[in-house]
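Subject: Handover of a structure

Dear colleague,

Please find below the structure that I am handing over to you. My findings come after it.

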Amino acid sequence: MAGVEIRRYGIEDKVALLARRLGLPVVTSFMGRGLLAETAPAPLGTYMGMAGDEELTRLVEDSDALLLLGVILSDTNFGVSRRTIDLRRTIQALGGQVSLGYHVYPDIPIGAFVDALLARLDEAPERLSKAPLRAYPSGLAADDGPIHADDIACAVNDMMDRHGLLPIAADVGDCLFTALDIRQTPLVAPGYYAGMGYGVPAGLGVQATRGERALILVGDGAFQMTGWELGNCRRYGWDPIVIVFNNESWEMLRAFQPESRFNDLEDWHFAEVAGALGGDGVRVKTRRELADALERAARTRGRFQLIEAMIPRGSLSRTLARFVEGFRNRREAGALSRSQEAPRRPIVARRRSGASLGAKRTRASLKVRGR
Ligand SMILES: Cc1ncc(C[n+]2csc(CCOP(=O)(O)OP(=O)(O)O)c2C)c(N)n1
Ligand SMILES: [Mg+2]
């Protein structure tokens with residue numbers, strides 16, 4: 001499983017080579033989505049526990065030797081695991097150290113670790129794992145039905161089949177979960193701190209640095225915060241395709257806390273401001289209109305293309321719905337087991353020699369997951 005550190009330390013190519021030399025299947029963590037998108041082997045998909053592809057989840061959770069390369073142990077990555085990953089059967093390289101079960105080897109940078117593994121595999125022939133790739137939805141029924149988030153993933157896959165892959169900049173909210181149903185392509189998103197308002201500026205950054213048009217996925221709440229940044233496109237000749245998921249709602253928050261009325265947002269008609277900012281805007285309400293708008297946007301270069309997709313309030317992508325359900329189940333299971341347990345002693349962080357400090361940290365991370 002590949003995580004953010006393999007990008008941070010610039011070792012994606014080496015990790016791909018390692019996977020080929022070992023013939024191992026590769027997946028990314030949630031926060032690592034978009035990694036290795038341009039290498040062979042392509043990751044089978046992204047591990048999302050019970051919110052994700054079942055076969056892929058089984059592959060990870062049943063693995064007898066899970067190699068976690070640069071994967072952060074956090075609720076974002078593992079909060080909805082179907083069952084606890086047994087850390088005794090993992091090898092983890094993260095934060096400048098390597099852990100093998102409860103044995104911790106400090107001061108081993110991840111790059112040096114991968115280099116050392118590769119050196120031992122010098123003679124190994126390269127082969128690709130035979131594990132099946134995750135299938136992505138395509139072939140949208142372009143009819144007069146209302147648009148749901150999953151339709152957007154499907155429509156984008158169809159558009160990319162015709163016009164080629166685009167790098168993605170996603171905001172936080174259902175647009176990020178929808179991105180997991182879009183073909184693997186380079187992706188930036190605020191996975192860890194989940195700060196809203198990241199998507200639009202990040203999409204401009206993608207075009208500024210890669211020279212490629214980006215696909216920006218953003219919710220209406222997040223667009224309220226930084227959507228204006230699109231006004232900078234004209235000056236630099238940037239032309240992202242922007243899909244605003246307009247459900248007139250902070251829908252992701254509503255999913256966790258349906259009783260709060262502050263989740264209701266007003267309809268700001270975002271498509272109408274596109275012209276004033278130097279782009280083209282269109283509001284779509286049906287799957288047919290969505291497919292047509294995406295096709296038109298893909299063919300129009302030189303101006304940003306804003307598609308405001310109206311989504312019924314209360315509708316969630318499949319992945320976000322399962323993510324929320326998974327979190328709820330864990331929370332309830334945690335509350336139940338706590339009420340039956342003797343009071344826990346607090347975990348006291350004490351500085352010790354490398355090995356026991358690391359092992360302690362590993363156990364502490366495990367506890368976090370059961371909260
Ligand atoms: C800066 C910031 N403020 C608040 C939050 C908490 N938060 C997480 S998702 C969300 C709602 C996002 O709304 P929207 O962009 O419309 O996406 P949706 O959930 O409707 O898909 C909020 C308020 C956050 N992550 N970041
Ligand atoms: Mg919204």
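This is a predicted model: local features need pLDDT of at least 70, side-chain atom pairs count only at pLDDT 80 or more; totals for chains, interfaces and linings use all residues.

Residues are numbered from 1 along each chain as its sequence is written, and chains are lettered from A and ligands numbered from 1 in the order in which they are written.

Overall form

The protein has 15 helices and ten strands; helices (H or I, at least four residues) and strands (E, at least two) are DSSP runs, numbered from the N terminus. Its radius of gyration, taken over C-alpha atoms, is 22 Å, close to the 21 Å of the globule rule for 371 residues, so the protein is as compact as a globular protein of that length. That rule is 2.2 Å times the number of residues to the power 0.38. Along the principal axes, the C-alpha atoms fill a box of roughly 60 × 55 × 35 Å.

Of the 371 residues, 42% are buried. A residue is buried if 20 or more other C-beta atoms lie within 10 Å of its own, exposed if 12 or fewer, and partly exposed in between, with C-beta atoms placed from the backbone. Two residues are in contact if their C-beta atoms, placed from the backbone, lie within 7 Å. Among contacts between residues at least 6 apart in sequence, 71% join residues at least 24 apart.

The two sheets

Strands of a sheet pair through backbone hydrogen bonds, either parallel or antiparallel. Here two strands pair if DSSP finds at least two bridges between them.

One open sheet has four strands in the order β1-β2-β3-β4, with mixed pairing. Its edge strands, each pairing on one side only, are β1 (66-69) and β4 (103-105). Strand β3 (residues 97-100) runs antiparallel to β4 and is joined to it by three bridges; Leu100 stands opposite His103 in β4.

The other open sheet has six strands, in the order β6-β5-β7-β8-β10-β9, with parallel pairing. Its edges are β6 (187-188) and β9 (280-284). Five bridges pair β9 with strand β10 (residues 305-310) in the parallel sense, and Val282 has Ile307 of β10 as its bridge partner. Helix α13 (residues 287-299) packs on this sheet and touches β8 (241-246), β9 and β10.

In helix α2 (residues 12-22), the buried residues are Val15, Ala16, Leu18, Ala19 and Arg20. These residues pack against α1 (5-8), β1 and α5 (110-120). After α2 comes Gly23, with a positive phi near 65°.

His163 belongs to helix α6 (residues 149-163). Why is His163 partly exposed? The reason is that His163 has 14 other C-beta atoms within 10 Å. Between His163 and Ser138 there are 14 Å from C-alpha to C-alpha, and the two are 25 residues apart in sequence.

Yours sincerely

Notes. Axes are lines fitted to C-alpha atoms, for helices over the stretch in contact, and angles run from 0 to 180 degrees between N-to-C directions.
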